[in-house]
Amino acid sequence: MSSLFHSIRWRVQVWHAVLLLGVILAFCGAIYRLAWTNQLRRADRNITQAERTLIRSLVEALPPSPLTGKPEPFSPARVMEYLRGPHPVIPAAAASLFNGTEPGYTYFVFRDVDGRILLRSPNLPADLAGQPLSPEAFNDDWRTLGDRRETIHRNPEGITSVVGADLTPEREEMKRFVLSLAGTGLAIWALGLLGGWWLAGRAIRPIQKISRTATRIAEGNLAERIGTTVGDSELDQLGRVLDTTFDRLHTAIERQKQFTADASHELKTPVTILLAETQRALKRERSSEEYRAALATCQTAAERMRQLTESLLLLARQEAGADAPRERCDLAALLRDTVAHLRPLAAERQLTVETDLQPAVCLGDPAALSILASNLVANALQHHDSPGGIVCVACTTTAEGVTLTVVDDGPGIPPTHLPHLFERFYRADAARTGGSGHTGLGLAIARAIVQNHGGTLTAANEPGRGARFTARLPAA
């Protein structure tokens, strides 16, 4: 049972039930108080009407004036004199109002200043007939005693009048009203609980879906997704954010698997060469020239492994977003140094490097940007298959930032290779011949450097010429 209330849905439901019950009780209490006040006001009107009828009938029952023989005008003193007379009686016009004890009956009593009863109705309650009113009873004109409602008046002559009515009909009506109100309140409460349960279930459904999906992903099913496509609530937004995160995580893991497989494959060849050469050299005694040749082969394989390892480490640092110091760099100066460094390679391949270097200042890592420039220019030189060809290197500043372009007049890039050109260990040597011994990581490293600097790197075929590589970086 205790674990049940650990559920968010149950906690929300209990809080909602208590809050809704409190609101309904407060509302029903206010409605009951208002209804009872209305009942008392109606009873007060009836009592007031009965009191007026009584007083009017008493006035009409007064004897005529002995001098004129006609009824005298209304005078409270004449009414008081009649009540103090020897035998005051209830006028016939009012007797029917104050005779009976059925529910809702009315009654009255008149007392003098000494508490003596002057006139009373036959149905006067025993507590009023037995003793006079205490002085505290005159603090208010109206009072409620149990199932009775009374109005009390005392005139200057000391005559006290009490006119009241039985509230049994009003009480019964209020009981029926309370039952109806309680039934309505309970129905609203039950409906509110059902609605709250349904809304809470819909609200936490994305949480349950997220939990199940995360569990399946933790078990190894990386292709699972939450699949929240509709709705704009906070949980729906969270589901979409988590789906995007899972996609990136899946992509990163798949890329890591591919990277590991590719690296193992690339390292397998030089390791095999090393083992084969050492085993061959150790099978029998050989001359110094044969040992020298075997060691040279091993050295070449080791250099290949070192180059590949360095490239892998550099790529890993760039893709991890290495937090290298950023400073203002002029791409024009970096490209001049790069072209000067690679001119021997261009001369060896009988190629010409042309430059159009305008000031292009950006904020970046000078060492990484030098590697970017070196990889792009070296890639163009290594994959150019025509002696006498030209490689153009340019940089400029635009409204969007700084731009670095490397264009050659070689054979270009077949369209089937363009989408894969920046993948690790991808080689398009069948179309762009001439390069050998490269790791297949140069363009992948270049793209990682550009992305780490917040830019983009694209490759395309230049119409009428060869390939065009364009790197766009934010300006300083």
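**Helix α10**

I started with helix α10, residues 442-452, in this predicted model. I counted 8 of its 11 residues as buried, so the helix is largely enclosed by the rest of the structure. I then listed the buried ones: L443, A444, I445, A446, A448, I449, V450 and N452. Just past the end of α10, I found G454 with a positive phi of about 80°.

**Strand β12**

My next stop was strand β12, residues 467-473. Here 5 of the 7 residues are buried, so β12 too is largely enclosed by the rest of the structure.

Which strands does it pair with? I found β10, residues 402-408, joined to β12 in the antiparallel sense over 6 bridges. I also found β11, residues 456-461, running antiparallel to β12 with 6 bridges between them. For V406, the partner in β12 is F469.

**α8 against α9**

I then looked at how these two helices meet. Helix α8 (residues 331-348) and helix α9 (residues 366-382) pack at an angle of about 40°, with axes 9 Å apart. The two are therefore oblique to each other. I read the crossing of α8 past α9 as right-handed.

From α8, the contact takes in L331, L334, L335, T338, L342, L345 and A346. From α9, I noted P366, L369, S370, A373, S374, V377, A378, L381 and Q382. Sorted by class, the contact has 12 nonpolar residues, 4 polar and no charged ones. A reminder to myself on helices: there are 3.6 residues a turn, so residues three or four places apart point the same way.

**The other sheet I checked**

How are β1 to β5 arranged? They make an open sheet of 5 strands in the order β2-β1-β5-β4-β3, with antiparallel pairing. β2 (117-120) and β3 (142-145) stand at the edges with a single partner strand each, so one side of each is left without a neighbour in the sheet. On average, neighbouring strands here are turned by 20° against each other, direction ignored.

Within this sheet I followed β4 (residues 148-154) and β5 (residues 160-166), which pair in the antiparallel sense over 7 bridges. I saw I152 standing opposite V162 in β5. Helix α1, residues 8-61, lies across β1 (106-111), β2, β3, β4 and β5, and runs at about 45° to β4.

**Whole-chain tallies**

The protein chain has 10 helices and 12 strands. Of its 476 residues, 37% are buried. Among contacts between residues at least 6 apart in sequence, 64% join residues at least 24 apart.

Technical notes: Residues are numbered from 1 along each chain as its sequence is written. This is a predicted model: local features need pLDDT of at least 70, side-chain atom pairs count only at pLDDT 80 or more; totals for chains, interfaces and linings use all residues. Side-chain values use heavy atoms; hydrogens and water are left out. Two strands pair if DSSP finds at least two bridges between them. Helices (H or I, at least four residues) and strands (E, at least two) are DSSP runs, numbered from the N terminus. Axes are lines fitted to C-alpha atoms, for helices over the stretch in contact, and angles run from 0 to 180 degrees between N-to-C directions. Contact means heavy atoms within 4.5 Å. Buried means under 20% relative accessible area, exposed over 50%, partly exposed in between (1.4 Å probe, protein chains only). Angles under 35 degrees count as roughly parallel, over 145 as roughly antiparallel, 65 to 115 as roughly perpendicular and the rest as oblique. A crossing is left-handed if the near helix is turned anticlockwise from the far one by less than a right angle, and right-handed if clockwise. Ala, Val, Leu, Ile, Met, Phe, Trp, Tyr, Cys and Pro count as nonpolar, Asp, Glu, Lys and Arg as charged, and the others, Gly among them, as polar.
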